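Please read them with the structure open.

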Amino acid sequence: MPEQVVPPTQPDVPQPAGTQPSTDVPQDGAPAPAPEPARKSGRKKVLGIVGAIVAFLVVAGLKFGLGAVLGADETAEAKAGDCIAELPTTIGDEMEAVDGGKVVDCASAEATYKVVGRAEDQTEEQAESGEACAEFFQENEEYYIFSNIIPGKTGYLLCLTDNS
């Protein structure tokens with residue numbers, strides 16, 4: 001039996017004998033229900049989430065400074081005479097890992113520590129001994145050593161005293 005193509009039905013035109021009316025249009029002439037909207041693909045959802053994260057980072061970078069958002073070392077350029085804020089107050093001889101720290105105006109209420117010296121190309125062991133800062137401290141003076149050293153590499157030490 002050969003295949004036949006059924007033309008769309010038209011209500012006022014008689015249909016040839018032996019053909020069936022199209023199932024796309026209901027018999028009573030009412031329009032067919034609208035198809036359901038397609039769901040967002042997983043890729044579009046991921047792109048939306050990534051876009052939201054990027055927008056957040058841009059806003060945070062503009063508000064707080066790009067270095068703070070990306071975790072840049074704000075004490076990398078500190079030198080003798082500068083003051084440091086946003087470091088925790090430490091007690092005793094224990095080493096403590098800290099996040100942050102930034103150079104501020106020494107007249108600022110935030111200025112907790114004063115840089116009295118700086119030592120470059122220090123290893124972790126040298127930082128723990130603190131010998132590189134010994135020349136910058138006076139006898140019976142309270143002092144602190146801030147270091148930024150990537151494990152297995154060298155970095156710098158900041159020799160700090162209270163900013164009073």
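1. Burial and surface. Of the 164 residues in the protein chain, buried ones make up 20%. The accessible surface of the chain comes to about 12,900 Å². Carbon and sulfur atoms hold 55% of that surface. Keep in mind throughout that this is a predicted model.

2. Confidence. The mean pLDDT of the protein chain is 74, and 54% of the residues score at least 70. Where is confidence lowest, and where is it highest? Helix H2 has the lowest mean, 43, and strand S3 the highest, 94. Over residues 64–70 the pLDDT stays under 50. For that stretch the model has eight contacts beyond four places in sequence. Where pLDDT is low, predicted coordinates should not be read in detail. I would keep that caution in view for H2, which spans residues 66–70.

3. Layout. The protein chain has three helices and five strands. Along the sequence the pattern reads α-α-β-β-β-α-β-β. Among contacts with a separation of 6 or more, 57% join residues 24 or more positions apart.

4. The largest nonpolar core. Ten residues build it: Ala78, Ile84, Leu87, Tyr113, Val115, Tyr144, Phe146, Tyr156, Leu158 and Leu160. Which elements give two or more residues to this core? They are strands S3 (113–122), S4 (143–148) and S5 (155–162). S5 supplies the largest share, three residues. A second, separate core has eight residues, including Phe137, Ile149, Leu157 and Cys159. As background, nonpolar side chains in soluble globular proteins tend to be buried together.

5. Disulfides overall. How many disulfides does a search of the whole structure find? It finds two. With the bonded cysteines of the protein chain numbered in sequence order, the pairing is 1-2, 3-4. Each such link is a covalent bond between the sulfur atoms of two cysteines.

6. Cys83 and Cys106. The sulfur atoms of this disulfide are 2.0 Å apart. The link is right-handed, with 105° about the S-S bond. Cys83 sits in strand S1 (residues 83–85) and Cys106 in the loop between strand S2 (102–104) and S3, so the bond ties together parts 23 residues apart in sequence. Are the two partners buried or exposed? Cys83 is buried, at 0% relative accessibility. Cys106 is partly exposed, at 26%.

7. Cys133 and Cys159. Here the sulfur atoms are 1.9 Å apart. The S-S torsion is about -75°, so this disulfide is left-handed. Cys133 lies in the loop between helix H3 (124–129) and S4, while Cys159 lies in strand S5, so the pair ties together parts 26 residues apart in sequence. Cys133 is buried at 0% relative accessibility. Cys159 is buried too, with a relative accessible area of 0%.

8. Asp82. This residue is found in the loop between H2 and S1. Asp82 has a relative accessible area of 17%, so it counts as buried, the cut-off being under 20%. What lies 2.9 Å from a polar atom of the Asp82 side chain? The backbone nitrogen of Lys79 does. Neighbours within four places in sequence aside, Asp82 is in contact with Glu77, Val103, Cys106, Tyr113, Lys114 and Val115. That list includes Cys106, a partner in the disulfide with Cys83. It also includes Tyr113 and Val115, which are members of the largest nonpolar core.

9. Which residues have a positive phi although they are not glycines? One is Asp121, with a phi of about 55°. Asp121 is found in strand S3 and is exposed, with a relative accessible area of 58%. Another is Asn140, with a phi of about 65°. Asn140 is found in the loop between H3 and S4. Asn140 counts as exposed, at 79% relative accessibility.

Methods: Residues are numbered from 1 along each chain as its sequence is written. This is a predicted model: local features need pLDDT of at least 70, side-chain atom pairs count only at pLDDT 80 or more; totals for chains, interfaces and linings use all residues. Side-chain values use heavy atoms; hydrogens and water are left out. A nonpolar core is a set of buried Ala, Val, Leu, Ile, Met, Phe, Trp, Tyr and Cys residues joined through side-chain atoms within 4.5 Å. Buried means under 20% relative accessible area, exposed over 50%, partly exposed in between (1.4 Å probe, protein chains only). Helices (H or I, at least four residues) and strands (E, at least two) are DSSP runs, numbered from the N terminus. A disulfide is a pair of cysteine sulfur atoms within 2.5 Å. A polar contact is a pair of N or O atoms within 3.5 Å; within protein, one must be able to donate a hydrogen and the other to accept it, and residues adjacent in sequence count only if both atoms are side-chain atoms. Contact means heavy atoms within 4.5 Å. pLDDT is the predictor's confidence in each residue, from 0 to 100. Accessible areas come from the Shrake-Rupley method with a 1.4 Å probe; for residues, only the protein chains shown count as cover.
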